Amino acid sequence: MKRSIVLISLLLVIVSSQAQSLKYWYIADAKIPCDFGNIRMSCLQVRSSPDSVWRPFQYEIEGFVWEPGIEAFIEVEVTPLLKPGKDGAKETYKYL
């Protein structure tokens, strides 16, 4: 009986850690240079409110097509990964 409770508890922890969340982000109208490991690249700039500071964002947002010169306000589904991706990502991002 105790073993079943432990297994159910563990399963609930795993499922809850996989819980998706919704975020609303502003995407800047210009990309900025940023470092990703040893690679220099262009990154999106994101912020969560009009008053917050822009921060570089180097990951892909699935389904989002960025257009230079256009600031966007988007809804993003954020899903934690059980194992980090090859690029070190701990989450996936999907444009809604």
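Beyond its neighbours within four places in sequence, R47 is in contact (heavy atoms within 4.5 Å) with Y24, W25, Y26, S52, V53, W54 and E71. This is a predicted model: local features need pLDDT of at least 70, side-chain atom pairs count only at pLDDT 80 or more, and totals for chains, interfaces and linings use all residues. Residues are numbered from 1 along each chain as its sequence is written, and side-chain values use heavy atoms, with hydrogens and water left out.

R47 lies in strand 3, residues 39-47 (strands are DSSP runs of E, at least two residues, numbered from the N terminus). R47 is buried and lacks a salt bridge; E71, the nearest side chain of opposite charge, is 4.1 Å away. Buried means under 20% relative accessible area (1.4 Å probe, protein chains only). A salt bridge needs a side-chain nitrogen of Lys or Arg within 4 Å of a carboxyl oxygen of Asp or Glu.

| Side chain | Backbone oxygen | Distance |
|---|---|---|
| R47 | P50 | 3.3 Å |
| R47 | S52 | 3.4 Å |

Strand 3 also pairs with strand 2, residues 32-36: the two run antiparallel, joined by five bridges. Pairing takes at least two DSSP bridges. I32 stands opposite C43. Two residues separate the strands in this hairpin, and G37 has a positive phi near 70 degrees.

The structure has one disulfide (cysteine sulfur atoms within 2.5 Å). This disulfide joins C34 to C43, S to S 1.7 Å. The link is right-handed, with 40 degrees about the S-S bond. C34 is buried at 8% relative accessibility. C43 is buried at 0%.

How values were computed
Helices (H or I, at least four residues) and strands (E, at least two) are DSSP runs, numbered from the N terminus. Buried means under 20% relative accessible area, exposed over 50%, partly exposed in between (1.4 Å probe, protein chains only). Lys and Arg count as positive and Asp and Glu as negative; His and the chain ends are not counted. A polar contact is a pair of N or O atoms within 3.5 Å; within protein, one must be able to donate a hydrogen and the other to accept it, and residues adjacent in sequence count only if both atoms are side-chain atoms.
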